[in-house]
Amino acid sequence: MNETPAILILGGTSEARTLAAKLSQLPVRVITSLAGRTKRPAEIPGEIHTGGFGGIAGLSRFIAVEDIHLVVDATHPFAEQISRNAMLACAEWQVERLRLERPAWQPQPGDQWIHAGNLEDAARLLPTLCKRPLVTVGSNDFHFFRDIHGPEIYARMIEEPPFDERPPSCHILLERGPFDHTHEMALFSRHEIDLLVTKNSGGTMIDAKLDVARERGIPVLMIDRPAALPGPRAATAAEALDWLKMKLDF
Ligand code: NAP
C-alpha cells in the first residue's frame with residue numbers, strides 16, 4: 001500500500017458527495033466514481049472517475065491498479081448491479097467495503113401503502129389499483145410500464161423517455177425536484193391523481209409527495225428496496241466517516 005491510503009467512493013448520491021467533502025480534510029486520497037448518467041453532476045471534492053469500470057473484472061482491476069485501501073458503496077438504493085460488483089471485487093482482494101445507504105421511508109399513521117417487490121410487480125399491480133396514477137420511477141425505468149392499457153398515466157421525470165418505452169395513454173411531466181408541499185398538492189389536484197407510484201428511495205428531499213398522498217387519502221404503490229447485501233452499513237456520511245477513521249487508525 002502507498003503511504004497515503006486511497007479510498008474509493010462509489011457515488012451518485014448526496015451522501016457520497018458529503019462523505020467526499022469530509023474526507024478531503026484528511027490525509028487520504030479520495031476517488032469518487034460516477035456512472036456518468038447525469039449530464040452536469042454536482043461539484044465533488046477529490047478525484048473523479050466517470051463511467052462504468054467494465055463489470056466485476058474491471059472494478060477488480062481498478063482496485064488493484066489504484067491500490068484502493070477501502071471502498072464505500074454509496075450508490076443509490078436501487079443500483080443493484082454496481083453494489084453486487086463491488087461486493088465481489090472487494091472480496092477478491094480482501095478490501096473492506098462499507099455500504100452507505102440513507103434510511104428507507106417508513107409508513108406514517110394514515111398512509112395506505114401497497115408494497116411491490118420490484119418494478120415488474122408494480123407494473124403488474126398498477127392497472128388493478130387506479131385510473132390516474134402519478135408514476136415517479138424516473139425515465140430509465142419507465143419502460144417497465146409500457147404495456148399498461150387502461151389507466152391514464154401521469155409520469156414525472158427529468159428527461160424525456162424514448163417513445164417506444166411509453167404506455168399508450170400517458171402524459172410526461174418534465175420536472176426536476178425537490179418539490180415542496182404546495183407544488184405537490186397542486187399537481188395531485190390538477191390531474192386528479194388517485195395513486196402514487198414511487199421507489200422507496202428514502203431521504204428527506206422528495207417526501208412531500210408522500211405527505212400529500214396521505215393528506216388526500218390516496219394509496220401509494222411503494223416499490224421496496226432490493227435485499228441488503230451482507231457487510232457493514234452506515235446510514236449517514238458522518239457514520240461512514242467514523243467507520244473509515246476507525247479502519248485507518250485516525
Ligand atoms: P446499476 O444498475 O447498479 O449499474 C449498472 C452499471 O452502471 C454498473 O454495472 C456500472 O458499470 C455502472 N455504474 C453504476 N453506478 C456506478 C458508479 N457509481 N460508478 C461507476 N460505475 C457505475 O445502477 P444504475 O444503472 O445507475 O441504476 C440502477 C437503478 O438505480 C435504477 O432503478 C435507477 O433508476 C436507480 N437510480 C436512481 C437514481 C436517482 O437519483 N433516483 C440514481 C442512480 C440510480 P460497469 O459494470 O461497467 O462498472
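Helices (H or I, at least four residues) and strands (E, at least two) are DSSP runs, numbered from the N terminus. This is a predicted model: local features need pLDDT of at least 70, side-chain atom pairs count only at pLDDT 80 or more, and totals for chains, interfaces and linings use all residues. Residues are numbered from 1 along each chain as its sequence is written, and side-chain values use heavy atoms, with hydrogens and water left out.

- Asp67 sits in the loop between helix H2 (55-65) and strand E4 (68-73).
- Asp67 is not a glycine, yet its phi is positive, about 55°.
- Asp67 is partly exposed because its relative accessible area is 24%, where buried means under 20%, exposed over 50% and partly exposed in between (1.4 Å probe, protein chains only).
- Glu192 also has a positive phi, near 50°, and is a residue other than glycine.
- Glu192 lies in the loop between helix H5 (181-190) and strand E10 (195-199).
- Glu192 has 55% relative accessibility, so it counts as exposed.
- The peptide bond from Gly177 to Pro178 is cis, with omega near 0°.
- Pro178 belongs to the loop between strand E9 (170-174) and H5.

**Nonpolar cores**
- A nonpolar core is a set of buried Ala, Val, Leu, Ile, Met, Phe, Trp, Tyr and Cys residues joined through side-chain atoms within 4.5 Å.
- The largest core has 22 residues, and Ile7, Ile9, Leu19, Leu23, Leu100 and Leu244 have the most contacts inside it.
- Elements giving this core two or more residues include strand E1 (6-10), helix H1 (14-23) and helix H7 (237-248).
- H7 supplies the largest share of this core, six residues.
- Another core, of 19 residues, lies apart from it; Phe78, Ile148, Ala155 and Met157 are among its members.

**Aromatic pairs**
- The whole structure holds two aromatic pairs, meaning rings of Phe, Tyr and Trp (its six-membered ring) with centres within 6.5 Å; planes under 30 degrees apart count as stacked, over 60 as edge-to-face and the rest as tilted.
- Phe142 and Phe145 form a stacked pair, 6.3 Å centre to centre with 25° between the planes.
- Phe142 counts as buried because its relative accessibility is 0%.
- Phe145 is buried too, at 0% relative accessibility.
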